[in-house]
Amino acid sequence: MEKRIAIRVEGLSKMYSLGEQSATGSGLRHVIEDKVRSIFRPGARPKADKPSSDFWAVRDVSFDIAQGDVVGIVGRNGAGKSTLLKLLSRITEPTRGRIGVKGRIASLLEVGTGFHPELTGRENIFLNGAILGMKRSEIRAKFDEIVEFAEISRFLDTPVKRYSSGMYVRLAFAVAAHLEPEILVVDEVLAVGDARFQAKCLGKMQDVSKRDGRTVLFVSHAMHSVRALCRTGILLNAGRLELMGPVADVIAAYSNQPVAAESGEIASNRSIGLSLKTVALHQDGDDGSLHVKAGFFLERTIPHAGLGIHIETLEGFELCDLRPETTGLDFGERRGELNIAFVLTGLSRRLGAGTYRLGLSFHETNWRRCLERTPVGEFVVPALDVYATGYPPKFEKDGALVLPVELLSPEQ
């Protein structure tokens, strides 16, 4: 049986003009202001716009999303993820292309989106329901569930402008998920909430998809959350759709994207003429082995060039800070191009399943760090049943480190 299409996108593009706009604007009020000013300053003319350049945030994107599917949208910063969600939510209009949507959309894109700051939490719940086209009786039927999920009963009659960012997100997600839209769109704003509430939200999104057959679009840099929640993935790169398919394939492609900066370098130390030009990450096998290639350029001779390796959680908690004298990544006297390749083997036997961040640093004579640790990419450690219990260690449940355990007593 052919699946029904919930969202159809054809040739979607969004262009912005970069450059400073005129200070006066083009609305009726601004035109009147200019005329009045000209009476008192006859020789004055409105400032002309500075030349602008075109920037395509989304370009020629086409895809279909089936009803009831849970789709993770991934990509590096600036790939066009948030712009795509705003286009799908009709917050901004496309430059060209078509969007076909079947059903109501509830969007959680930014903290405070869809809330009136002067209204209370109670009033904003009814306001959002009305925007979705729901009757007052339908909103009342869901009201207690929303308040209980958001955990804000004490502050229900307080204007939301006095809410913390965490309270904002809790209420916004509860409203979006419980008012029964056919399509739920969630950007990485959930990162504002604590770990317990994030897990609660992921569970709710799974529930509304499996139980109610609603469609979910989810953007996040936390690949373990995308992997756990989504069945389908979309990879964006520089505004274009690079891949759409099973979420595991999309995450692998995202993790293997090379890192490069528009300026031609990722990081540098101008005082000694050192720059990190390129980084490429690649994972293969079931044990999470991570292959790393890094390209440096040294304008002057460094007597004892060495590489430092850093791994941290996405929350910034440091797991290791390996120095070149410890790992043996010492390359002696170097000048000019220096291309380094190494592999971190068997990460699934050392780290709980989840997403982590890799950083690199560069060292010179006496192991002095001359290029501070630079984040170069994220990688996903797949689940591996290292203890043969049927329960692979996972970061969100068991922590980051996987330690060898040998039972001594009681005897089996």
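**Stop 1: Asn237**

Select Asn237, which counts as partly exposed because its relative accessibility is 35%. That value lies between the 20% limit for buried and the 50% limit for exposed. Keep in mind that you are looking at a predicted model.

Now colour residues 232-237. This is strand β8, and Asn237 belongs to it.

Which residues does Asn237 touch, not counting those up to four places away in sequence? Show Ala79, Glu242 and Gln257. Then zoom in on Glu242. Its side chain and that of Asn237 are joined by a polar contact of 2.8 Å.

Next, pick the C-alpha atoms of Asn237 and Gly75. Along the chain, these residues are 162 residues apart.

**Stop 2: His310**

Move to residues 306-313, strand β13, and select His310 within it. Is His310 buried or exposed? His310 counts as buried, because its relative accessibility is 3%. The cut-off for buried is under 20%.

Show the side chain of Asp321. It makes a polar contact with the side chain of His310, at 2.6 Å.

Cys320 is one of them, along with Asp321. Select Arg357, Leu358, Gly359, Leu360 and Ser361 too; they are also in contact with His310. Arg369 and Arg373 complete the list.

**Stop 3: two helices**

Select residues 136-150 for helix α4 and residues 165-178 for helix α5. Two packed helices are described by the angle between their axes and the distance between the axes. Here the angle is about 145°, and the axes of α4 and α5 are 8 Å apart. Turn the view: α4 passes α5 in a right-handed crossing.

**Stop 4: the whole chain**

Zoom out and switch to a cartoon view. The protein chain has ten helices and 17 strands. It holds 412 residues, and 45% of them count as buried.

Residues 24 or more positions apart account for 69% of them.

The accessible surface of the chain comes to about 21900 Å². Carbon and sulfur atoms make up 51% of that area.

Conventions
Residues are numbered from 1 along each chain as its sequence is written. This is a predicted model: local features need pLDDT of at least 70, side-chain atom pairs count only at pLDDT 80 or more; totals for chains, interfaces and linings use all residues. Side-chain values use heavy atoms; hydrogens and water are left out. Helices (H or I, at least four residues) and strands (E, at least two) are DSSP runs, numbered from the N terminus. Buried means under 20% relative accessible area, exposed over 50%, partly exposed in between (1.4 Å probe, protein chains only). A polar contact is a pair of N or O atoms within 3.5 Å; within protein, one must be able to donate a hydrogen and the other to accept it, and residues adjacent in sequence count only if both atoms are side-chain atoms. Contact means heavy atoms within 4.5 Å. Axes are lines fitted to C-alpha atoms, for helices over the stretch in contact, and angles run from 0 to 180 degrees between N-to-C directions. A crossing is left-handed if the near helix is turned anticlockwise from the far one by less than a right angle, and right-handed if clockwise. Accessible areas come from the Shrake-Rupley method with a 1.4 Å probe; for residues, only the protein chains shown count as cover.
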